[in-house]
Amino acid sequence: MKTQEFLNTLKEHQGKSLLFEYAPNLLVGANYHITEVKHVTIDSVDCGAGVDAWKETIIQLWEDPNELGKTEFMSAYKAMAILSKVGQMKSYVMDAEVRIEYSNANFHTAQLYVNDYEIRGNNLLLKLATQPTDCKAKETCGIAEPVEANAQAGGCTPGGGCC
């Protein structure tokens with residue numbers, strides 16, 4: 001999800017509680033705070049000597065141990081107010097990918113993508129996901145693309161990669 005879409009989603013649903021699902025059926029605790037917003041520029045060189053550059057908006061969430069029993073989640077309105085204040089101090093790149101940085105005692109620190117969202121009653125639930133690493137220069141490095149098995153009966157042939 002791009003920064004513009006993220007901010008628009010918050011604005012559109014500002015009357016709802018904002019929940020983050022960091023793994024299937026696992027929510028960031030209601031005691032979370034937005035503790036940092038990073039405007040990041042990535043300038044990279046891959047293993048095939050390809051260069052690339054892009055921007056990301058990274059929003060860090062932290063669970064306050066002093067609020068462990070808290071049951072009321074932050075509203076999308078409050079999150080929008082925090083992010084608007086940040087935007088006044090440091091402008092957002094609206095087409096930058098949004099990532100949510102998060103960890104807890106049972107989940108390693110990760111920068112998660114906003115994969116999807118849904119409305120559940122009075123909640124705006126943002127579904128987060130990891131994205132696996134990959135070689136960006138497979139052709140240059142001589143790495144073959146995975147071959148899909150032929151699912152048709154009798155479709156296997158010598159050298160076809162499915163037998």
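## Helix crossing

The crossing of α1 and α2 is left-handed, a term used where the near helix is turned anticlockwise from the far one by less than a right angle. Helices here are DSSP runs of H or I with at least four residues, strands are E runs of at least two, and both are numbered from the N terminus. Helix α1 (residues 3-12) packs with α2 at an angle of about 135°, their axes lying 8 Å apart, so α1 is oblique to α2. Axes are lines fitted to C-alpha atoms, for helices over the stretch in contact, with angles from 0 to 180 degrees between N-to-C directions; under 35 degrees counts as roughly parallel, over 145 as roughly antiparallel, 65 to 115 as roughly perpendicular, and the rest as oblique.

In this contact (heavy atoms within 4.5 Å), F6, L7, L10 and K11 of α1 meet A76, A79, M80 and L83 of α2.

## Sheet and its packing

An open sheet of mixed pairing is formed by 7 strands in the order β2-β1-β7-β6-β5-β4-β3, where pairing requires at least two DSSP bridges between strands.

Strand β1 (residues 17-23) pairs with β7 (residues 123-129) in the parallel sense over 5 bridges, and F20 stands opposite L126 in β7. Helix α2 (residues 76-89) packs on the sheet, touching β1, β3, β4 (51-63) and β7, and its direction makes about 50° with that of β3.

## Basis of the model

This is a predicted model, in which local features need pLDDT of at least 70 and side-chain atom pairs count only at pLDDT 80 or more, whereas totals for chains, interfaces and linings use all residues. Residues are numbered from 1 along each chain as its sequence is written, and side-chain values use heavy atoms, with hydrogens and water left out.
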